Amino acid sequence: MAYTKGSADVVIIGGGVIGLAIARGLALRGAGDVCLIERGTLGAEASFAAAGMLLPQVEADAEDDFFKLACRSRDLYPSFAAALREETGIDVELDTTGTLYLALNEHDNEEIEKRCGWQKRAGLSVDLLNVAEVRELEPCISESALGALLFPDDIQVENRRLLSALANSVNNLGVRVFTETNVESLEMKRDRVEGVQTSRGPIRCKSIVIAAGTWSSFLLRSSVLPDPGMQPVRGQMICLESKPHLTRHVLYSPRGYLVPRQDGRLLAGSTSESAGFAKRVTAGGISSILQNTLEISPAIAELAVVDTWAGLRPRPADGLPVLGACGEIDGLFYATGHYRNGILLAPLTAELITEAIMAGVTSPLLAPFSPDRFSSQPV
């Protein structure tokens with residue numbers, strides 16, 4: 001077993017999309033010796049299992065703090081994707097066709113009218129389409145469709161290519177990466193970060209970033225640190241083969257979604273299950289996904305199933321991400337609990353956490369998501 005060099009400037013715990021994006025951000029800013037530690041292989045958990053949808057408007061019920069954070073991050077994606085391509089030569093397949101939110105019953109229809117109303121009043125891009133207009137865009141939709149919202153700014157990225165690009169970028173930038181390595185404990189002294197104890201040995205450092213997704217809970221429950229009460233939420237997915245393409249837009253309903261990929265894959269999802277750490281595909285999960293996506297487009301019944309998988313999304317007790325400096329421990333930063341929005345929030349999370357570490361500046365955008373909201377001690 002290779003052992004770690006005994007010190008670093010920053011240690012990032014977790015090698016999913018969030019940890020990789022932060023490692024890249026810090027390296028680009030000249031943070032010194034950045035070390036990323038991953039318990040398995042890079043990008044193999046929730047980030048790999050995701051659908052890559054960037055849909056803050058589709059999924060929002062109000063213009064709250066989370067919505068503002070999500071929209072800001074989505075709007076960074078064109079420059080983020082272009083920079084990664086310049087750095088690595090990898091096209092992350094940012095698809096700007098847009099998303100159709102379908103109304104498939106009367107209740108859905110009422111919901112899309114409400115969503116259209118408040119978003120129009122907020123000056124956001126959204127169009128309410130009648131059935132004929134929807135069918136002109138996507139003839140494959142169900143006969144039961146009553147209408148749809150078109151969100152031109154809610155787009156998608158090929159998340160697995162994104163992970164590959166980020167991994168290549170951090171390697172090119174000289175980030176030290178240790179995979180198949182467990183962080184056994186955080187070392188602190190006099191309310192300040194001292195380092196981490198790992199399965200390969202100790203590493204002393206000035207700053208630690210907890211970006212381990214649902215596995216962050218194992219580090220936090222055994223300490224006096226703010227504990228977000230992280231729970232794994234299993235999401236199962238189906239991959240279909242669609243050649244020629246069945247749809248150009250992401251097709252979304254309140255119960256399921258279909259996401260077209262450039263190579264002819266069509267992703268169908270998803271479940272949200274409290275199943276602990278059992279990351280497995282089940283007959284019930286697959287049945288539920290098929291039922292909900294056949295409602296969107298009965299045409300998928302004729303498509304071949306080419307793959308299935310499951311991932312564990314990290315959900316904090318209040319459902320919101322946990323981002324920023326820990327008020328109790330100097331040098332400790334949280335970047336975890338992104339739940340269903342890790343891919344969406346990656347570029348902005350990286351930007352804001354990098355700024356907090358490098359300049360000691362906490363953006364007002366981070367304030368509502370501070371880890372200190374889970375603190376049992378006054379800060």
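Q: What makes the distance between the end C-alpha atoms of helix H5 agree with its 16 residues?
A: In this predicted model, helix H5 covers residues 106-121, and at 1.5 Å a residue its 16 residues should span 22 Å, while the end C-alpha atoms are 23 Å apart, which agrees.

Q: Against which elements do the buried residues of H5 pack?
A: The buried residues of H5, among them Asp 108, Ile 112 and Trp 118, pack against helix H3, helix H4, strand E4, strand E5 and strand E6.

Q: Why is Thr 99 called buried?
A: Thr 99 has a relative accessible area of 0%, and buried means under 20%, so the term applies. Thr 99 is placed in strand E4 (residues 99-103), and its side chain reaches the backbone oxygen of Asp 154 at 2.9 Å. Leaving aside neighbours within four places in sequence, the residues in contact with Thr 99 include Leu 55, Phe 151, His 249 and Tyr 252.

Q: Why is Glu 93 called buried, and why is Arg 190 called exposed?
A: Glu 93 has a relative accessible area of 17%, which is under 20%, and therefore Glu 93 is buried. Arg 190 has a relative accessible area of 72%, which is over 50%, and therefore Arg 190 is exposed. Glu 93 sits in the loop between H4 and E4, and its phi is near 55°, a positive value in a residue other than glycine. Arg 190 lies in the loop between strand E9 and strand E10, and has a positive phi of about 50° although it is not a glycine.

Q: How many nonpolar, polar and charged residues are in the lining of the largest cavity?
A: The lining has four nonpolar, one polar and four charged residues; among the lining residues are Phe 48, Asn 159, Arg 265 and Trp 309. About 40 Å³ of space lies in this cavity, and the structure holds one cavity of 30 Å³ or more.

Conventions. Residues numbered from 1 in each chain as written. Predicted model: local features only at pLDDT ≥ 70, side-chain atom pairs only at ≥ 80, totals over all residues. Heavy atoms only, no water. Helix = DSSP H or I, 4+ residues; strand = E, 2+ residues; numbered from the N terminus. Buried < 20%, exposed > 50% of the residue type's maximum accessible area, 1.4 Å probe, protein only. Polar contact = N/O pair within 3.5 Å; in protein donor to acceptor, adjacent residues only side chain to side chain. Contact = heavy atoms within 4.5 Å. 1 Å grid on protein atoms, 1.4 Å probe; cavity = no way out; pocket = protein on both sides within 12 Å on 5 of 7 lines; lining within 4 Å. Points joined across faces, edges and corners; volume = space filled by probe spheres on them. Nonpolar A, V, L, I, M, F, W, Y, C, P; charged D, E, K, R; others polar. Expected span 1.5 Å × (residues − 1).
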